[in-house]
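User: I'm new to this one. Could you take a close look at the place where the ligand sits and walk me through it?

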Amino acid sequence: MSDKKYLFANWKMYLDHSESEALALALAKKLTLPEHIVMAVFPSALALSDVSKTLKDTPISTGAQNIYWIDKGGYTGEISAHMYKAAGCTYALVGHSERRHIFNETNHEVRQKVEAALAASLVPVICVGETEHERQSNKTEETIETQIRSAFHNIAWPENKELIVAYEPVWAIGTGQACDPVEAERMHELIKKQVIALTGVTPVILYGGSVRPENVQQYLNNPNISGVLVGAASANIESWEAIVDSFR
Ligand code: PEP
């Protein structure tokens, strides 16, 4: 297992173009990263190209928040994986819970996006997580297993391409109600076993859901939690710096 720690910042639709540029500039100027930290920011599609240029000579990568699986054509409003790659992206979030639950993205669509990301040489960050209702109905494991199976069954994972999954319980995202770290570690172990059984590849698994400077360390101490995917607390320089400091 790699000793690297992953620190991914999902800026969602929190920052407009100039706010994204200002934060990227502040990161480029202020942050020095130890070598074991892998950092990426996921700005809005409009800001991505400029943010990628601003961060070009830094160790910070960029990623798309969403991709479409067809390369080009009459798909008004969509942006393909290849287009994101050309705009400077290394990663793409796929199946984020806000895509699955607000925009009704299905497991089948998520799978198409995983394949499109790989075809465009992006590293997909595949997000999985159960709703509060699924957890209360004892369907947590079943839900996660279905999402993982759909994303990975019969896939030929390219050699040397990282396989990254983010475990993000839906009830923990943007609610301030973070998952208990012991439970998060249990879920990460389950996901790891399933991904290895399906692909033969050992995944990097990130925890996401109300990560804050005050609780991030509790996740990092667990053997199967390789890092965090952070929303709200990543969109301002003070809280992000405080989170980065926990990784040093
Ligand atoms: C996310 O959007 O992936 C996320 C985890 O959000 P938050 O940190 O705001 O809960």
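Analyst: Start with histidine 96: one of its polar side-chain atoms is 2.8 Å from an oxygen atom of the ligand. Lysine 12 does something along those lines, with a side-chain N or O atom 2.7 Å from a ligand oxygen. Then there's asparagine 10, where a polar side-chain atom lies 3.2 Å from an oxygen atom of the ligand. A polar contact here is a pair of N or O atoms within 3.5 Å.

The protein covers 100% of the 290 Å² of accessible area that the ligand has on its own (Shrake-Rupley method, 1.4 Å probe). Around the ligand there are 14 residues, and the closest are Lys12, Glu168, Gly174, Ser210 and Gly231; to count, a residue needs a heavy atom within 4 Å of the ligand. The space the ligand takes up is the largest cavity, meaning a set of points, on a 1 Å grid over the protein atoms alone, where a 1.4 Å probe fits but cannot get out. A molecule sits in such a cavity if more than half of its atoms lie within 2 Å of its grid points.

Keep in mind that this is a predicted model: local features need pLDDT of at least 70, side-chain atom pairs count only at pLDDT 80 or more, and totals for chains, interfaces and linings use all residues. Residues are numbered from 1 along each chain as its sequence is written, and side-chain values use heavy atoms, with hydrogens and water left out.

Key:
A polar contact is a pair of N or O atoms within 3.5 Å; within protein, one must be able to donate a hydrogen and the other to accept it, and residues adjacent in sequence count only if both atoms are side-chain atoms. On a 1 Å grid over the protein atoms alone, a cavity is a set of points where a 1.4 Å probe fits but cannot get out, and a pocket is an open set with protein on both sides within 12 Å along at least five of seven lines; lining residues have an atom within 4 Å of a point.
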